[in-house]
2 protein chains.
Amino acid sequence: MPTFRSNIVVFNLIARRAFTTTSTKNMGFVEKVRLLDYWKIQDSALQSEFPRSRLVLMVDRRLLVTKDQPDVQMVELSFDDLKQRLGEYGLQFDLSNSCLLDALSTDVDMIPLFGTSIDAADPPEDSPISKKEVLKQLGNSLGGRFTDIRMAMLTMREERQRNLLAKFQSLTKWASIYRRCPKCAAALKMRSSKSGAECVTCQRVYYPTFSPVSITLITDPTNEHALLVRHRGSAGGVFTAVAGFAHSGESMAECARREIAEEVGIEVDSIRSLDMSQPWPMPDSSLMIAHVAVAKIDQKISVCPDELETAQWFTRHQVKEALTTTLADPLLKNLPRTLDDRQTLHYIPPAGAIAHQMIRQWVDGKLENHNSRI
Amino acid sequence: MPTFRSNIVVFNLIARRAFTTTSTKNMGFVEKVRLLDYWKIQDSALQSEFPRSRLVLMVDRRLLVTKDQPDVQMVELSFDDLKQRLGEYGLQFDLSNSCLLDALSTDVDMIPLFGTSIDAADPPEDSPISKKEVLKQLGNSLGGRFTDIRMAMLTMREERQRNLLAKFQSLTKWASIYRRCPKCAAALKMRSSKSGAECVTCQRVYYPTFSPVSITLITDPTNEHALLVRHRGSAGGVFTAVAGFAHSGESMAECARREIAEEVGIEVDSIRSLDMSQPWPMPDSSLMIAHVAVAKIDQKISVCPDELETAQWFTRHQVKEALTTTLADPLLKNLPRTLDDRQTLHYIPPAGAIAHQMIRQWVDGKLENHNSRI
């Protein structure tokens, strides 16, 4: 939980860095972690690194990603390239709308990876060219294309890419909200890294908040059936596992048990955590923690109508079919159109979602549901 | 994640409640959860329940607990009893300094359990009686005694009691801080339950925040040694597991790996979560999630000097001795006095801490450290 480093450690970091002549390609994980920790709180150090940094980009809350499907990645640009290309479109960025995401090794030392989020001005009303068109051209000139954050999270194959995007989106949103101290309403001084903000009057420090969320695959005692739910407003025919935010004073198991009661109105006999977790940035920053639960299948389901459209028990075969459909059509292009069909299991969430991994493991018979407790 | 219930559900709840004649001792868990959810957002309903409620109490941030050692519990009082007893000392409470903790079954229906936190005025300077003395008398008249929150968390045997206290402390602290909107600085309208606050100007809703924390028992590949740490400022001779707050965009495993690098300067080969979690209210509200990690024992330990005093590898026998000492002296009454001795393993955290459970399982040979991943 260190938030402040003593001078000794900081000195060692700087010394090690300034006088190193060997390649840091293999610079240790420990040194990297401690350097990031130092940059987080030392605004002046981070400011001097900024022009040497590499950056990923959002414009109007859309993310710059590689053109090549299906393996989507964020496009990473050098500071100079980004400055020049954006400049050609009359756009600019600085440290104030950037957040620190990671430290990258070069041949000689380490440089920061930032996420920069800018808003593009709307073109004049009489402009012959639309904003959408401008963004398309800008994406091209930057060697990529702009896409929806949610879609990027769902389709990125690499956990590192997804987690960096979750961090980028979470810190950007948090930094845009935390402008004033909730206790005394004075101005907050935001760190350059966006990893914290201090009240100029009462000196309280606020940190980016994100909430633990339990996501639970509910199975029956035979482990041959799973209860999946359809959220209001989600894409037609997509079913997933029950999830919900933990409340103060709950263990994760208690959270899972309560959320299941709230959302589908049934009680579970046991709950077990699955050693899988995933940061997720929408709609609010959360950390999804996977669980499996066992519930008797003869209970009357009573869905919470504000959250869910429907909740149903499915056989392993039915879920396997939906998994196959999803893997064949990861961008959910063939979504059902009719209302009845929307209520039928066609898809599960795409591979970027932790729900996908959980459901897939269960379909493959790798999720045992015994040996658990509540 | 429901935060608002449709009228249908609310109607069902009220109807079920108003017309029930059978005992609700067995009123289902689902109904209880949904009633709490309704009370949370319906201030008027909660206000009308307040005079029928039961309450637990903090005065000057000290908790009213039962007199009987060793099994400490919170003293639960009826609204009328508390009002009368506090009144005798010129103290009063109302819904504004109370938070909703739970719903309790009576013979006929359900009533709220609140936590009420009040500040006692300092006696006049020339008063012959000290504040400490007054609180002692007040505790007696309420059938208990006042104790430190941290000590209560560490010594309460029941998970339900600990988790209710964690909720009480977290919500009370949160409600005292979140007075103004961090985005626009306008006043926040706090729910009576203290489960959320809405900005009167921009309508943003803020929820009590608490952070996921990884707590990790580091073992060596033979599983015969464990790495424990001593925190600066903690009681002498007490060693525990490495812990730290998760940052935005991290999975719990990544958090554990980073915290270990930050705090003790070593890399781990694998990390596995343990299906144990615990809300903990000090210093900031957190949800501790247990992990076990494997690290090679020949790495040079380099502690973060602002956080830790020392970190050492111990044999299972050494840890077992400390466990035995702790179980025999759970209130840590025989703490070592000398500086050298403070750096020696004498105790582990008492039974109320998740670290205690983790270490105890390892000592008993019930914590396997294989079959894990990073």
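**View 1. Ser105(B) stands opposite Met110(B), a residue of strand β5(B).** In this predicted model, local features need pLDDT of at least 70 and side-chain atom pairs count only at pLDDT 80 or more, whereas totals for chains, interfaces and linings use all residues. Residues are numbered from 1 along each chain as its sequence is written, chains are lettered from A in the order in which they are written, and side-chain values use heavy atoms, with hydrogens and water left out. Strands β4(B) and β5(B) pair in the antiparallel sense over 7 bridges (pairing requires that DSSP finds at least two bridges between two strands), and a hairpin of 4 residues joins β4(B) to β5(B). Because 7 of the 8 residues of β4(B), residues 98-105, are buried, the strand is largely enclosed by the rest of the structure (buried means under 20% relative accessible area, exposed over 50%, partly exposed in between, with a 1.4 Å probe and protein chains only).

**View 2. Helix α4(B), residues 79-88, has Phe79(B), Leu82(B) and Leu86(B) as its buried residues.** These residues lie on the same side of α4(B), because they cover an arc of only 70 degrees around the axis (the arc is that of the directions from the helix axis to the C-beta atoms). On the other side of α4(B), Asp80(B) and Glu88(B) are exposed. Helices are DSSP runs of H or I with at least four residues, and strands are runs of E with at least two, numbered from the N terminus.

**View 3. Leu335(B) lies in the loop between α9(B) and α10(B).** Although Leu335(B) and Ala235(B) are 100 residues apart in sequence, they are 7.4 Å apart in space, C-alpha to C-alpha.
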